[in-house]
Amino acid sequence: MEQDLLQRAYDPNAFYEHATALTTQLTKYLKTTLSSNIEQTLAFIDPEIELQFWRNFLNEGDPTTFTESILAHTNHIHDPRYMGHQVAAPAPLTALTGLLGSLLNNGMAIYEMGMAPTAMERIVTDTLCENIGWSHGFGGFLTSGGSLANLTALLAARKAIVEHDVWNLGYKQPLGIMVSEEAHYCVDRAARIMGLGEKGIVKIKANSNYSIDGSTLDAHYEMAATKGIKIFAIVGSAPSTATGAYDNLMAIADFAKRKKIWFHVDGAHGGAAIFSKKYNALLQGIEHADSVVIDGHKMMLMPAITTALLFQKASHAHASFRQKADYLLSEEEDWFNGGKRTFECTKTMMSLHWYALIKFYGTDLFAAYVDRQYDLARTFAEMLLAHPNFQLALLPQANIVCFRYHQDGASDEVLNAWNLSLRESLLQDGSFYVVQTKLKNVWYLRTTLMNPFTTKSHLVGLLAKILEHASAQNLFA
Ligand SMILES: *Cc1c(COP(=O)(O)O)cnc(C)c1O
C-alpha cells in the first residue's frame with residue numbers, strides 16, 4: 001500500500017502528463033493575460049470566502065481543475081493593467097528555471113550541493129559588481145530577499161566598522177545607523193533585530209522630494225554622538241519604496257567617507273538601473289558603496305525570491321556571521337561554500353534565473369526594461385499634470401507614480417477620504433490593480449509600472465476608470 005503511494009508520487013510518466021498539461025495551460029494564460037484578454041486583472045475575493053473555497057476544494061474539488069482554480073484566484077501580474085506592488089511579471093524562461101531548480105533541489109549551502117548554480121552565482125554577482133563600477137576585489141552572493149540582504153549587509157557593516165566584537169561579546173556601547181525616514185521598513189526591522197533599539201535608528205528627515213536631505217547629515221550624526229550613540233553605517237535608498245525617489249548617493253558617500261562609516265545602498269527596487277545608460281545617473285555615487293542590494297524579483301524580471309548582496313571588498317561578504325580573524329583567513333579560497341556567508345543554510349538554486357536571462361537575452365534585457373518602464377512613468381506624470389482632476393505627489397524618478405484624485409476647493413481631509421474610497425472601488429472593480437500610500441499625511445493612489453506591456457492607452461484607461469468611479473460616488477463638486 002505505502003509503497004504504491006510513493007511509486008505514484010514519483011511516477012515519471014505522471015510527471016510528464018502533468019507538466020505538459022501545465023505548460024499548455026500556462027501558455028494559454030500568458031497569451032490571454034499579456035494581451036489583457038481577461039475581464040479583471042484581480043477578481044478580489046473576501047478572505048473568509050477564499051478560505052472556505054480551498055477547504056471545500058481539499059475535500060471535494062476536482063483535481064483536474066486545480067490549476068485553473070488557482071489562476072482564477074490570483075492576481076494577474078502579466079496583465080498590463082496590473083500596476084500595483086513592485087513584483088516582477090517574471091520572464092517565462094525564469095518559470096522554467098524555477099521548475100528545474102525545484103526538481104534538482106541542490107541545497108547550495110556547500111559547493112558539492114550545487115556545483116553549477118554555485119559557479120553561476122559567482123559569475124552573476126561578478127557581473128553585477130562590474131556594472132556597479134567596482135574594479136577588482138569585489139564579491140557577493142544571492143540570498144532570499146531584500147529584507148534579509150539588508151540585515152546581512154548591516155551585520156557585515158557592524159563587524160567591519162565597530163572595533164568591539166559584538167558578535168561574540170554582545171554590546172558594550174549603544175550603536176546606531178542612519179537612514180531616511182522614507183526607507184523601506186525592513187531596514188528599521190533589521191536594526192531592531194540587531195538590538196540597536198529605537199534610539200539606534202537615526203531617521204533622517206526627507207526633503208520635499210522624499211529623498212535624504214544631504215545638508216542635515218552632520219547634524220543628525222552629532223546629535224546621536226551627544227547621546228552616546230556610535231553611528232557605524234548609513235543607508236541610501238535607490239529608490240525608496242513608497243515614492244520611488246532616489247537618495248543623493250554621492251552626498252551620502254562623501255559623508256560616509258568623512259565619518260569613516262559604512263555606506264550601504266538599498267537598491268532592491270531600482271539598483272537594476274546600473275544596466276541603463278539612460279538612467280544610471282540616478283545611481284551616481286553607488287560605486288562608492290561598501291555594499292549594495294538588488295532584488296531579482298523586482299526590476300530584474302525574475303520570480304520571487306532572489307536577491308543579490310554585493311560587497312566592494314569580497315572579504316566583507318564573509319563577515320556577517322563570523323569572527324573577524326576567522327573570515328579574513330579564508331576569504332579568497334572559499335567563495336564556493338555559500339552557506340558560510342548567507343543567513344540561509346539551505347537555499348534555492350536561484351542563480352539559474354539570473355544566469356539563464358543573461359545567457360539567453362544578455363544584460364541588454366535589463367536595460368531595455370528599465371528604460372521602458374521609467375520612460376512610461378514620465379509619460380504618465382505628464383498626463384496627470386495636464387489633468388485638472390489629478391495631482392502628482394512628486395515627479396517620478398523610477399517607475400513608481402503616486403497621485404491623487406483632486407477637486408479644487410476640497411480639503412486634504414475630504415480628498416483623503418475620497419481617494420481611499422476610490423482605491424477600494426478600484427479593488428472591487430478589478431479591471432486595474434493599483435495600491436495606495438500615505439505621504440506626509442496625504443493618501444495617494446500608487447502605481448508601479450512593472451508590466452513590460454503596459455502602454456499609454458492602459459494609463460488613459462485607468463484614469464477614465466477612476467473618473468467613472470468618482471462620478472458614480474458623486475465626488476464631483
Ligand atoms: C522591496 C524592497 C525591500 C524588501 O525586499 P524584499 O525582497 O521584499 O524582502 C527593501 N528595500 C526596498 C527599497 C524595497 O523596494
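# A first look at the ligand site and its surroundings

Let us begin with the ligand: 15 residues surround it, and the closest are Gly146, Ser147, Asp266, His297 and Lys298. A residue is near a molecule if one of its heavy atoms lies within 4 Å of it. The model is predicted: local features need pLDDT of at least 70, side-chain atom pairs count only at pLDDT 80 or more, and totals for chains, interfaces and linings use all residues. Residues are numbered from 1 along each chain as its sequence is written, and side-chain values use heavy atoms, with hydrogens and water left out.

What kinds of residues make up the shell around the ligand? Three are nonpolar, nine polar and three charged. Here Ala, Val, Leu, Ile, Met, Phe, Trp, Tyr, Cys and Pro count as nonpolar, Asp, Glu, Lys and Arg as charged, and the others, Gly among them, as polar.

Helix 7 (146–161) and helix 12 (296–299) each supply at least two residues of this shell. The largest share, three residues, comes from helix 7. Helices (H or I, at least four residues) and strands (E, at least two) are DSSP runs, numbered from the N terminus.

Helix 7 is mostly covered, with 13 of its 16 residues buried. Buried means under 20% relative accessible area, exposed over 50%, and partly exposed in between (1.4 Å probe, protein chains only). The end C-alpha atoms of helix 7 are 22 Å apart, which agrees with the 22 Å that its 16 residues should span at 1.5 Å a residue. The expected span is 1.5 Å times one less than the number of residues.

Helix 16 (residues 412–429) has 18 residues and reaches 25 Å from its first C-alpha to its last, close to the 26 Å expected at 1.5 Å a residue. Its buried residues include Leu415, Trp418, Leu422 and Leu426. The buried residues of helix 16 pack against strand 9 (400–405), strand 10 (435–439), strand 11 (442–448) and helix 17 (456–472). Just after helix 16, Gly430 takes a positive phi of about 80 degrees.

## Residues to visit

Thr342 sits in the loop between helix 13 (324–330) and helix 14 (351–361). Is Thr342 buried or exposed? Thr342 is buried, because its relative accessible area is 5%. Its side chain reaches the backbone oxygen of Glu344 at 2.9 Å. Not counting residues up to four places away in sequence, Thr342 touches Phe141, Leu142, Phe321 and Lys347; contact means heavy atoms within 4.5 Å.

Arg192, in helix 9 (residues 185–193), has 40% relative accessibility and so counts as partly exposed. The side chain of Arg192 makes a polar contact with the side chain of Asp188 at 2.6 Å. Arg192 also touches Glu198 and Ile201, again leaving out residues up to four places away in sequence.

## Backbone details

Most residues other than glycine have a negative phi, and most peptide bonds are trans. Against that background, a few places stand out.

The peptide bond from Ala238 to Pro239 is cis, with omega near -5 degrees, and Pro239 lies in the loop between strand 4 (230–237) and helix 11 (249–259). Another cis peptide bond runs from Ala304 to Ile305, with omega near 5 degrees. Ile305 is in the loop between helix 12 and strand 7 (307–311).

Leu301 is also placed in the loop between helix 12 and strand 7. Leu301 has a positive phi, near 65 degrees, and counts as buried because its relative accessibility is 7%. Lys260, in the loop between helix 11 and strand 5 (262–266), has a positive phi near 55 degrees. At 65% relative accessibility, Lys260 counts as exposed.

Notes. A polar contact is a pair of N or O atoms within 3.5 Å; within protein, one must be able to donate a hydrogen and the other to accept it, and residues adjacent in sequence count only if both atoms are side-chain atoms.
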